[in-house]
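Let's take a walk through this structure together, one piece at a time. Keep the 3D view open and turn it as you read.

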Amino acid sequence: MPVLYAMATLLVMQLAGEVFVRVLSLPVPGALVGLLLMFAGLLFRGRLPKGLRDVAAYVLPHLMFLFIPAVAGVTLQFDRLQREWLPFVLACTLGTAITALVTAVTFCWMLKRTGGSQ
Amino acid sequence: MNETLAPMLGGFSAEPILWITVTLVVYLIALKVYQRFNGHPLLLPVLTAVVVIVGILLLSHTPYQDYDHATRFLQFLIGPATVALAVPLYIQLPRLKRLWKPITVALLVGCCTAILSALGIAWLFGASTETLLSLAPKSATMPIAMEVSALTGGIASLTTVACAITGISGAMFTVGLLRLFKIKDPVAQGFAMGVSAHAIGTGRAFQSGETMGAFSALGLSLNGIATALIVPIVLALLGWF
């Protein structure tokens, strides 16, 4: 039962997010708003139900599994990738490396500046 | 359809029971191999699994549309799984309160770096405008990036590929790269992973530990929002939108 409650909670939060996004016609996925609503809900409630903790612990390490079908969609883009593979691949790989490094360095620098607190 | 495989697949070629099972089994084998080789970055399960799946699709002459249709249930689950990211965030609440300043600044700097580095590198190597527009939101999580791309004149399915390469390369190299620069704090590593390599990077981060995973989830969700807001502004400033 706790697992069913947890699943129901996740779906209800996502549904609320989808409705919110559609009513305000925001260019943001409903699941993202659902995440924020879920977080707000947990803050409001002040504790984490065990079922929810368990479901998250089972699902999140395998988040990548759910993306396999979307990533396999690369087959649809073979033509364009053949023509523009160099800028495309470099922008993704090198760009990501630069982004990760800049973000981490900024984070550490801010951490030192603020003394790790406040 | 291929003569040898056609009778085997029979009427199953577009059935969820076939393709969801194939995807799950291939993923589990990919995960086993990954663990057997102590998490070698080139064997990242999502990468090896996709290579195998694409191979199976090509060999069985199954159009991607059929596979896409048959696996809708898995893609549906991305929604509730995204909502579940609130759980590790909540667990890290005390830390989050303490670190809100570094988080905010690193997020804004990281988000702009992601957009500008992608545009800059691709432009330098002669990418077409459509490709540039499809690349701009690539560090955001896939569902967000696709919507931003469609909104600003990019090609959503091309953005999916950009997200995939971004996430996979981030998952493969970020930890090693940051270690090279003596950044070993799992909080900083996780946040940088989430901002730069979204959900695929976050999957990798959770394998390194709960703290790194939670901060990666934080980076991914905040950067999803930031990207949706900042990409249209950057493109407008550059005169592309």
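Start with helix α12 of chain B, which bends by about 140 degrees at B:His198. The bend at a residue is the angle between two axes, one fitted to the seven residues ending there and one to the seven starting there. Helices here are DSSP runs of H or I with at least four residues, and strands are runs of E with at least two, numbered from the N terminus. Before we go on, a quick note: this is a predicted model, where local features need pLDDT of at least 70 and side-chain atom pairs count only at pLDDT 80 or more, while totals for chains, interfaces and linings use all residues. Residues are numbered from 1 along each chain as its sequence is written, chains are lettered from A and ligands numbered from 1 in the order in which they are written, and side-chain values use heavy atoms, leaving out hydrogens and water.

Back to α12(B), which covers residues 186-208. How far apart are the end C-alpha atoms of this helix of 23 residues? They are only 9 Å apart, whereas a straight helix would reach 33 Å at 1.5 Å a residue. (The expected span is 1.5 Å times one less than the number of residues.) Most of α12(B) is covered too, with 20 of its 23 residues buried. Buried means under 20% relative accessible area, exposed means over 50%, and partly exposed is in between, using a 1.4 Å probe and protein chains only.

Just after the helix, B:Gly209 takes a positive phi of about 150 degrees.

Next comes α13(B), residues 210-237. Its 28 residues should span 40 Å at 1.5 Å a residue, and the end C-alpha atoms are 39 Å apart, which agrees. There is still a kink of about 30 degrees, centred on B:Thr227. Is α13(B) largely enclosed or largely open? Of its 28 residues, 20 are buried, so the rest of the structure largely encloses this helix. Just after α13(B) you'll find B:Gly239, with a positive phi of about 80 degrees.

Let's zoom in on two single residues. B:Leu132 sits in helix α9 (residues 129-135) of chain B, and it counts as buried because its relative accessibility is 2%. Setting aside neighbours within four places in sequence, B:Leu132 is in contact (heavy atoms within 4.5 Å) with B:Leu119, B:Ala122, B:Trp123, B:Ala127 and B:Trp240. B:Thr160, in helix α11 (residues 156-180) of chain B, is buried as well, at 7%. With the neighbours within four places again left out, B:Thr160 touches B:Met142, B:Met146 and, over in the other chain, A:Ala70.

That brings us to the place where the chains meet. The contact takes in 96 residues from chain B and 73 residues from chain A. About 7,700 Å² is buried between them, and carbon and sulfur atoms give 83% of that. Buried area is the accessible area (1.4 Å probe) that two parts lose on being put together, summed over both. In chain B, the residues that lose the most area to chain A are B:Tyr64, B:Val83 and B:Tyr90, together 9% of what that side buries.

What about charges? Side chains of opposite charge can pair when their charged atoms come close. A salt bridge here is a side-chain nitrogen of Lys or Arg within 4 Å of a carboxyl oxygen of Asp or Glu, and the whole structure has 5 of them over all chains. How many salt bridges cross the interface of chain B and chain A? The rule finds 1, and A:Arg80 and B:Glu130 form a salt bridge at 2.9 Å, N to O. Helix α8 (residues 100-124) of chain B gives the most to the side of chain B that touches chain A, with 14 residues.

A:Arg80 also meets A:Glu84 in a salt bridge, at 3.5 Å. Both lie in helix α5 (residues 78-113) of chain A, 4 residues apart, about one turn of the helix. A:Arg80 is buried at 14%, and A:Glu84 is buried at 9%.

Another salt bridge joins A:Lys50 and A:Asp54, with the closest N and O atoms 2.8 Å apart. A:Lys50 is exposed at 60%, while A:Asp54 is partly exposed at 25%. Over in chain B, B:Asp68 pairs with B:Arg72 at 2.6 Å. Finally, salt bridges that share partners link A:Arg80, A:Glu84 and B:Glu130 into one network.
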